[in-house]
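Here are my notes on this model, written with your modelling work in mind. Have it open while you read.

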Amino acid sequence: MQAKKRYLILLSAGACLVLLFSLGGVQLPAASRSRSRHDRSRSGHRPDQPWPHFSDPLHPFASWDQADTEEYNVHMSPRQKRDVHASVYRGKRCRMDSCFDFSPCQKNGFKVYVYPQQKGEKISESYQNILSTIEGSRFYTSDPGQACLFVLSLDTLDRDQLSPQYVHNLKTKVQNLPLWNDGRNHLIFNLYSGTWPDYTEDLGFDIGQAMLAKASISTENFRPSFDVSIPLFSKEHPRTGGERGFLKYNSIPPFRKYMLVFKGKRYLTGIGSDTRNALYHVHNAEDVVLLTTCKHGKDWQKHKDARCDRDNAEYDKYDYKEMLHNSTFCLVPRGRRLGSFRFLEALQAACVPVMLSNGWELPFSEIIDWNTAAVIGDERLLLQIPTTVRSIHQDKILSLRQQTQFLWEAYFSSVEKIVLTTLEIIQDRVLEHGSRSSLMWNSHPGGLFTLPRYSGYLGDFPFYYATLGIKPYHKFTAVIHAVSPLVSQSQPILKLLVAVARSQYCAQIIVLWNCDKPLPAKHRWPATSVPVIVIEGENKVMSSRFLPYETIATDAVLSLDEDTVLSTTEVDFAFTVWQSFPERIVGYPARSHFWDSNKERWGYTSKWTNDYSMVLTGAAIYHRYYHYLYTNYLPTSLKSMVDQLANCEDILMNFLVSAVTKLPPIKVTQKKQYKETMMGQSSRASRWADPDHFAQRQTCMNKFASWFGAMPLVHSQMRLDPVLFKDQVSILRKKYRDIERL
C-alpha cells in the first residue's frame, strides 16, 4: 500500500514538472534572470516569452523597437538607424521637471523669445504665420534674457527630405545657436516628419531636451505633459480669424442625408494602406459613402490594382463639399502619417469625426476631452463602424455636433489659435497655481478667453453661473468717467451721481478722474447713501477706465460717461436685465456697423434704426472680468491707438465682448432724448459734432477688425422693455412706470 502511494506521488510530481516545462514556468538562476530582465528592458520586448508576465515591474518609457522590424531594415542603413534613434528618442524620458528650467519663468513671467531670422534662410508661409503670431502675442519678448521659452526662426515644419520646403543642414545650424543649451526651454513646431516609404517621426536633427509641438505624433513617442500634439493644417489655413463653423442651426432630429462619408486617396502599398484599402467593404453607396482613388502620384497606373478603375469612377460621381456638409459622421482614417486634413475639415463642417488612426495622440489631448466631440474607432474593427455610429442616440449626436463647432472656433479655426493654444498649455504647466480647469478648456468661451490668473474660482467669471447653479452678486459698482473740471453744482455728473446712488442695487460709486485739473475737494461731491470713491486715472488715458481696479468688488460694473443722463428707474431696469445676461453688455446708447462695398471697408453709423451691433459704454452694464480681459488680453498696439486718439475705447470693448461671446449686446428701452441731451452738454458736444471724431471711429473699426482677423460684432434687432411698457393699462400696474414718462 505504501509503495503504491509513493508511486502515485512520483507520478504526480513528474506530471507537474512536465507541465511546468511545457508552459515555460521554470525560473532561471538568479544571475541569468537579472541579466535577462536587463536585456528585455533595453530591447522593449521579450522574444522568448510572448505573453506578458504581470509580476514584472512596469516600464513607463518603452524603448524604440521600430529598427527591429523587417520592413524598416529594408529601407534604412545602420547609420541612418543610429541617427534616427539619437535624434528622436534620446530625450524620450524628458518631462517638465527634468528637462525644463522653471527659474526664468518664475522671475520674469511666461515670455517667449523668437530667434532673429538668419539672412538667406528660406522659410515657409505657414512657419512665418506661426512666428508672426508669437511676435504679435502678449507673450512675446525681444529680450532673450527675459524669456521663459525659445522658438527657432529656422523652419522645422516640414522635415520630409523629398519636400521643397525641407531645410538642409539643420542639425549643424541648430547646434550653432548660442542659446540652444541642448534644447532646454525650447519649443519646436513640426507638421511633417520622416519620408517615403517609412514616414518615421525623425526630424533629421537632435532635438535634445526641447519640447515638440507636433502634428501626427504617436502615443508611443508622445511625452505626456511635455510635448503638445497639434493638428495637421494646410498652407491655406488662415493666420488669424478664420471662418466660423458651418452649423447655422440645429436640426431635430440631427440626422443628415448621409450617415457616414469619406473621400480621399487610397494607397496601394506601404504604410497607411491597410485601412483605406478596406473601406470598400463598408461602402454601400446609400447612407455610407466611402470613396477612394488610387489616381494620384506620377506612377499610379503602374501600380494600380483590379479595383482602381471602378473606384475612380465612383469617386468622381460625388462632390466632396456636398458630402461633408450633408453627413452626420465623417470618417477620419490615417494616411501615410497618423494625422489627416480630414480632421479639421470635419470639425468645421459639424460632421462628427470618426477617428480611425490607432496610436495617434489627438490634438491638444492634454486639455480637450475628445469623447465629447468625436467617435474614437479602431482600425482593426472597421466593419463594426457603421453599426456603432447607427447606435448613437440622437441627443448624443446633437451634443457631439455642437461641441465640434465650439472646439473649431475656440482652438482650430486659424494658425493664431493653434499657436496660442499651444503656448497657453505650456504656460499652465509652468504656472500650475494659475492653470485652467478642464471645464474652462471644454466649455464656452474656451481657454483662450478665460485667463486663470484673474481667479481660480469659476464663479468669478461671467460664463459659468448656470453650470454652477449660482447667480451674479445682486449689486453693481458704478464707474463714472470724468474728463471735465467740476465748476458748478448743476453739472450733469453731479445729477448722475445722485440718480445712480438712489438705485436699490448700487453698492458703491467710483469716479475716475481723468481731468487735467486737480481733484475737487471732498465737500464738492453730493452726500449719498452709498460710498463715493474718487480715483485719479492712470496717465489720464482713455484705457484707464477699463483697468481692473481692486476697489470694484461687485460682479457688475455700470460704466457711465460724465454727461450721461439716466434716471434711477432706468438704472434699476438695466441691471435687472443684465442679471439674466451676465456675459453680455447691456445698456442704452446703441450703434451699428456695416460693410461699405464701394470703399471695401467697414463703416460705423450712429443712425437710430432697429438694427444695432454695439452698446456704448457711456451707459452700459457688463461683468468686471472684461476689465481684466481688456487690460491683459488685448495687445498694447490697440490700447495705445485708443489712448492717442482719446477715442474708440467703447468700440474696442464691444469688439472684445462679442469676440468672446459670439453674441450681440442687449439694448434696453429706447431713450429717444439720449442723443439730443448728450449733444447739448458742453463737455463733449464738440467731440460728437466734430467730423474728425467720426472719421477716427471709422478707422478704429477697420483696425480692430484687422487684429481680430474678422468682424466679431453681431447684429441684433432685439430690444428689451419692461413688462406692460406702453400698454394701455393703468400706470399703477407697471413696475418701471417712470420710464413711461421719459
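The points below go through a sheet, a helix pair, a pocket and the cavities.

1. Ground rules. This is a predicted model, so to speak: local features need pLDDT of at least 70 and side-chain atom pairs count only at pLDDT 80 or more, while totals for chains, interfaces and linings use all residues. Residues are numbered from 1 along each chain as its sequence is written, and side-chain values use heavy atoms, with hydrogens and water left out.

2. Five strands form an open sheet in the order 9-8-10-11-12, with parallel pairing (strands are DSSP E runs of at least two residues, helices H or I runs of at least four, both numbered from the N terminus; pairing takes at least two DSSP bridges). Strand 9 (288-293) and strand 12 (375-376) sit at the edges with a single partner strand each, so one side of each has no neighbour in the sheet. Strand 10 (residues 327-333) and strand 11 (residues 352-356) share five bridges in the parallel sense, and V332 has M355 as its bridge partner in strand 11.

3. Helices on the sheet. Helix 11 (residues 308-315) touches strand 8 (258-265) and strand 9, and its direction makes about 120° with that of strand 9. Helix 15 (residues 394-412) packs against strand 10 and strand 11, at about 90° to the direction of strand 11. Contact here is heavy atoms within 4.5 Å; axes are lines fitted to C-alpha atoms, for helices over the stretch in contact, and angles run from 0 to 180 degrees between N-to-C directions.

4. A helix pair. Helix 22 (residues 636-645) and helix 26 (residues 691-708) pack at about 175°, with axes 11 Å apart. They are therefore roughly antiparallel (over 145 degrees). L638, M641, V642 and L645 in helix 22 meet residues of helix 26 including F704 and W707.

5. The largest pocket. It holds about 1600 Å³, and Y199, K265, Y267, R336 and R337 lie nearest its centre among 46 lining residues. Strand 8 gives the most to this lining, with three residues. On a 1 Å grid over the protein atoms alone, a pocket is an open set with protein on both sides within 12 Å along at least five of seven lines, a cavity is where a 1.4 Å probe fits but cannot get out, and lining residues have an atom within 4 Å of a point. Points are joined across faces, edges and corners, and volume is the space filled by probe spheres set on them.

6. Cavities. There are seven of 30 Å³ or more.

Conventions. Parallel < 35°, antiparallel > 145°, perpendicular 65-115°, else oblique.
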